[in-house]
Amino acid sequence: MTDTLTAPADTSPDGAAPPVSSAGAGWRTLRRRPAFLLTGAGVLLLLLVAAAPGLFAGWFGHGDPTVCDLTHSARGPSAGHPFGYDVQGCDLYANVVHGARASLGVGFLATAASLAVALVLGCLAGMAGRIVDSVVARLTDVFLGFPFLLGAIVVLNTLPTRDIPTVAAVLALFGWPTMTRVVRASVRSVREADYVVMARSLGAGPWDIVRRHVLPNALTPALVLATITVGGVIVAEASLTFLGVGLQSPSISWGLQLAGAQNSFRTHPHLLVFPGLFLSFTVFVLITFGDTVRDALDPRGR
Amino acid sequence: MTTTTGGTPAEPQPLLEAEDLTVDLLSGTPGAPRSRRVVRGVSFTLHEGETLALIGESGSGKSLSAMALMGLLPATTAEVGGSVRHRGTDLLALHPDALRARRGKHIAMIFQDALSALNPTLTVGFQIAEVIRAHEQVGRREARARAVELMARVRIPDPARRYRDYPHQFSGGMRQRIMIASALALSPDVLIADEPTTALDVTVQAQIMELLAELRESTGSALLLITHDLGLAATAADRVAIMYAGHIVEQAPVEDLYDRPAHPYTEGLLAALPRLEGPPDDLTPIPGTPPAPGPLPPGCSFRPRCPAARDSCATRQPALLPAPPARLVACHYPLEASSAR
Amino acid sequence: MPDDVTDTGKSPTVTAAAPAAPVLLEARGLVRHYTSGGPFGIGRGRATVRAVDGVDLALRSGSTLGLVGESGCGKSTLTRLLLALDRPTSGTVRVDGRDLLGLPRSELRRRRRDIQLVMQDPYTSLDPRMTALEIVREPMDVHRAPEAKHSRSARARELMEMVGLDPDHGHRHPHQFSGGQRQRLGIARALALRPRILLCDEPVSALDVSVQAQVMNLLKELQRTFGLSYVFIAHDLAVVRNIADEVAVMYLGRIVEQGDRDTVYGRPAHPYTRALLSAVPEPDPRRRGESERIVLQGDPPSPARPPAGCPFHTRCWKSEKVCTEKRPVLTPTEPGGERRVACHFPEND
């Protein structure tokens with residue numbers, strides 16, 4: 001070939017960037033970010049607490065949330081019981097630690113369910129044509145227009161049992177529309193992108209296009225929204241439980257603890273403060289984690 | 001450093017004079033700030049009634065130079081050094097309010113993208129009138145009358161009716177006319193046009209350039225034309241400055257520059273240009289790509305792409321020096337500029 | 001191009017006829033109207049946009065057809081029609097004499113390999129999440145050709161080298177390349193399936209002059225090496241002159257002049273062609289004011305409301321009564337000549 005093909009000294013303008021593979025690049029960047037390491041460690045810790053509360057609950061006292069002594073009812077922090085006791089006289093620290101499972105369980109389950117529905121419906125609406133799109137869009141509108149609290153209360157009240165899966169399912173029922181809208185919007189913008197037109201002109205079928213271009217590009221905003229949603233769902237679970245329509249005892253959850261604390265806040269503020277702190281910390285960690293992941297998943301931001 | 005001017009002795013005071021203008025783009029976080037130099041010491045003068053074209057490829061720093069001249073770069077994202085004197089006053093040393101007063105009144109700018117430069121929620125007439133009212137004590141009615149007059153002057157048909165239209169109701173060419181009208185609202189003596197026709201079709205571009213030339217003739221204002229288009233500069237400019245990697249590498253009266261380029265980059269650009277005349281042979285591209293913003297290796301920034309580079313080009317950076325009669329060139333081994341074509 | 005694509009489903013008769021029929025891609029009476037406004041034709045806002053309004057084109061094997069026109073003239077719609085990405089309101093697109101739109105879906109999918117697209121914007125036409133190698137490999141992955149994945153990767157590296165990129169940069173993402181390099185990637189991707197036709201939609205207009213020349217030369221080199229045929233769409237007349245063998249000038253959804261390059265550029269017959277050529281600023285200051293410049297007034301009319309008669313009559317300085325009434329048809333300027341023009345009063349100097 002002539003020199004026209006070989007002459008250009010093709011050094012990339014930002015040639016300083018190290019060679020990175022598609023899959024490894026995000027991870028490599030993530031590892032270098034203190035914000036990610038910090039929030040990532042926080043998320044891991046939360047998951048560990050949820051998975052094996054026994055590991056943490058016994059740090060100070062006996063660690064069993066069900067061993068209660070009514071004589072200690074609502075007593076404040078003391079030696080061996082840094083958080084004090086709840087109204088039943090159970091160790092509050094052990095209770096808060098054990099409460100993480102319910103809260104995170106509901107949060108992750110509900111979010112995962114919403115995300116799954118959102119990805120399916122969003123891709124369908126974005127790719128399948130006008131009629132399907134209109135149907136999905138109107139359906140999300142209807143659900144969005146439904147007052148969440150009212151709806152959740154009505155549905156939950158009709159359920160015979162309210163354990164983690166059922167509460168999660170109800171929360172997902174009202175959580176998918178927002179996420180579907182986000183997925184649908186990004187699917188539509190990717191669908192119009194030049195590289196998708198290109199792929200179509202190559203003869204790529206709709207499934208090819210979804211798998212190759214649409215999902216990878218539409219997933220990031222959905223994932224980010226999902227990490228934020230987990231926090232929101234945990235708060236929603238707490239609110240519902242607080243209102244008496246969420247989880248029921250003997251479940252242990254932050255919402256139940258907060259609900260129990262509502263009447264004695266003035267006299268025994270620690271009952272509200274400690275579960276509340278854990279709840280806020282969890283939500284904060286999840287949201288910041290979502291932000292750092294979003295930054296890292298964008299190949300242009302590296 | 002003595003200023004580099006056109007070279008003729010006893011020149012009158014220039015209208016606009018940029019000296020050693022630098023722009024650093026700031027990025028990164030407050031904890032770990034990063035800055036990349038993109039304009040690396042640009043000096044030029046603009047005289048009354050003259051048109052100077054600043055030509056460069058993308059990333060050469062031409063548009064940022066113009067923004068810096070106007071004080072339009074936000075301090076949070078860019079740091080501007082050097083001086084820009086307008087009739088002897090250093091604009092960069094002025095208080096932001098004083099600079100704002102000068103902007104529009106004495107120096108006005110025409111942007112490439114008229115659609116995003118105009119506010120989509122306001123009528124075009126209102127936007128022109130607003131420019132007048134921001135700088136002069138005139139009533140609503142008078143400002144309106146003058147805006148309609150300006151619209152007529154840039155030949156918008158039926159200006160009184162179109163006064164009430166919104167930007168999206170105009171075609172690209174008509175919107176660019178609106179921009180020109182609002183730039184001319186206060187009869188500035190310097191117009192800076194940043195790629196004014198790049199977004200337009202060639203027949204509309206011809207209309208706008210014709211209009212600009214006419215208006216310049218009738219108002220006597222000077223024009224700084226920022227463009228990537230060597231053809232456009234050839235038809236509109238009196239003098240041309242070529243930018244590469246944040247430097248001006250050559251500056252000359254328009255005919256000298258196109259007839260006998262002295263800098264290898266200028267010559268390379270002219271050779272790479274497809275033309276309507278002559279045999280349509282293979283073009284002669286400049287190999288490689290322009291350097292990325294940021295620190296440059298020592299020596300001449302064009303050296304890696306230069307066919308005439310020698311060893312010394314790698315160590316010493318060439319300064320922009322006069323090459324009589326009226327040329328400035330930044331090259332250790334300029335092409336034979338004296339031999340006529 | 002060394003041909004290992006025996007499975008394209010070409011019928012033997014067509015292959016045999018190919019050398020005798022030099023026309024590779026042919027559009028006949030192509031029309032594409034878009035209807036906007038109320039559903040089912042109800043409502044005040046209803047309008048028919050005549051994006052492409054009767055276009056005949058022929059691309060000869062191994063040659064380049066330049067298509068020039070301003071924004072809104074229907075170039076982009078025509079591109080979509082030629083690629084069978086959009087169905088024409090009427091008319092046909094034939095590749096090798098076969099009507100693309102008449103083909104069954106699976107057959108069309110395979111025939112698409114013959115005609116590939118190079119897009120204008122090297123920033124938006126490459127998926128930011130893919131690596132260079134994945135981008136170049138994509139067409140082969142879509143068609144599973146060749147069958148083994150590693151040989152697709154090997155071919156992708158080959159292609160990168162062919163367009164002047166370092167194959168070792170294959171793991172980089174598009175944003176790590178310069179504009180010119182990205183356009184090379186786009187060309188490598190277009191060549192992956194060994195097509196016979198490249199449809200280049202403003203392939204160099206987003207590039208700087210020095211890089212633009214590199215890409216133009218690359219395209220010409222590839223054409224010489226592989227005998228490719230190009231439809232080269234651009235608004236820059238000088239660029240088109242540099243690469244095209246034949247030129248078609250579009251205005252408002254129609255071709256107003258067509259002929260071989262030297263005739264159209266040297267002796268433009270349609271007033272619009274003359275105006276276009278005259279509006280190009282020449283990089284030669286000595287020619288300033290030398291020739292009488294034609295500066296057209298006004299903007300092109302909207303394709304939703306095309307004027308009656310000749311579409312150009314609203315801006316034409318030669319317009320007469322007949323131009324407002326009767327639409328001129330594309331006719332040869334000389335009997336039996338190749339150059340055709342749609343004008344009642346063509347220039348004949």
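These legends go with close-up views of a predicted model.

**View 1. Strand 7 of chain C, wrapped up on both sides.** Strand 7 covers residues 197-201 of chain C, and five of the five are buried, so the strand is largely enclosed by the rest of the structure. In a regular strand, side chains alternate between the two faces of the sheet. Here one side carries Ile197(C), Leu199(C) and Asp201(C), while the other has Leu198(C) and Cys200(C); both faces are covered.

**View 2. The partners of strand 7 in chain C.** Strand 6 of chain C (residues 115-118) pairs with strand 7 in the parallel sense, over four bridges. Strand 8 of chain C (residues 229-234) also runs parallel to strand 7, and that pairing has five bridges. Look for Leu198(C) in both pairings: Gln116(C) has it as bridge partner, and Leu198(C) in turn is partnered by Tyr230(C) of strand 8.

**View 3. Getting from strand 7 to strand 8 in chain C.**

**View 4. Where chain B meets chain C.** The contact takes in 37 residues of chain B and 35 of chain C. On the chain B side, the elements giving two or more residues are helix 8 (202-219), helix 9 (230-236), helix 10 (254-259) and helix 11 (264-272). Helix 8 of chain B gives the most, with seven residues. Sorted by class, the side of chain B that touches chain C has 18 nonpolar, 12 polar and seven charged residues.

Methods:
Residues are numbered from 1 along each chain as its sequence is written. Chains are lettered from A and ligands numbered from 1 in the order in which they are written. This is a predicted model: local features need pLDDT of at least 70, side-chain atom pairs count only at pLDDT 80 or more; totals for chains, interfaces and linings use all residues. A residue is buried if 20 or more other C-beta atoms lie within 10 Å of its own, exposed if 12 or fewer, and partly exposed in between; C-beta atoms are placed from the backbone. Two strands pair if DSSP finds at least two bridges between them. A crossover is right-handed if, with the strands pointing away from the viewer, the path from the first strand over the helix to the second runs clockwise. Two residues are in contact if their C-beta atoms, placed from the backbone, lie within 7 Å. Ala, Val, Leu, Ile, Met, Phe, Trp, Tyr, Cys and Pro count as nonpolar, Asp, Glu, Lys and Arg as charged, and the others, Gly among them, as polar.
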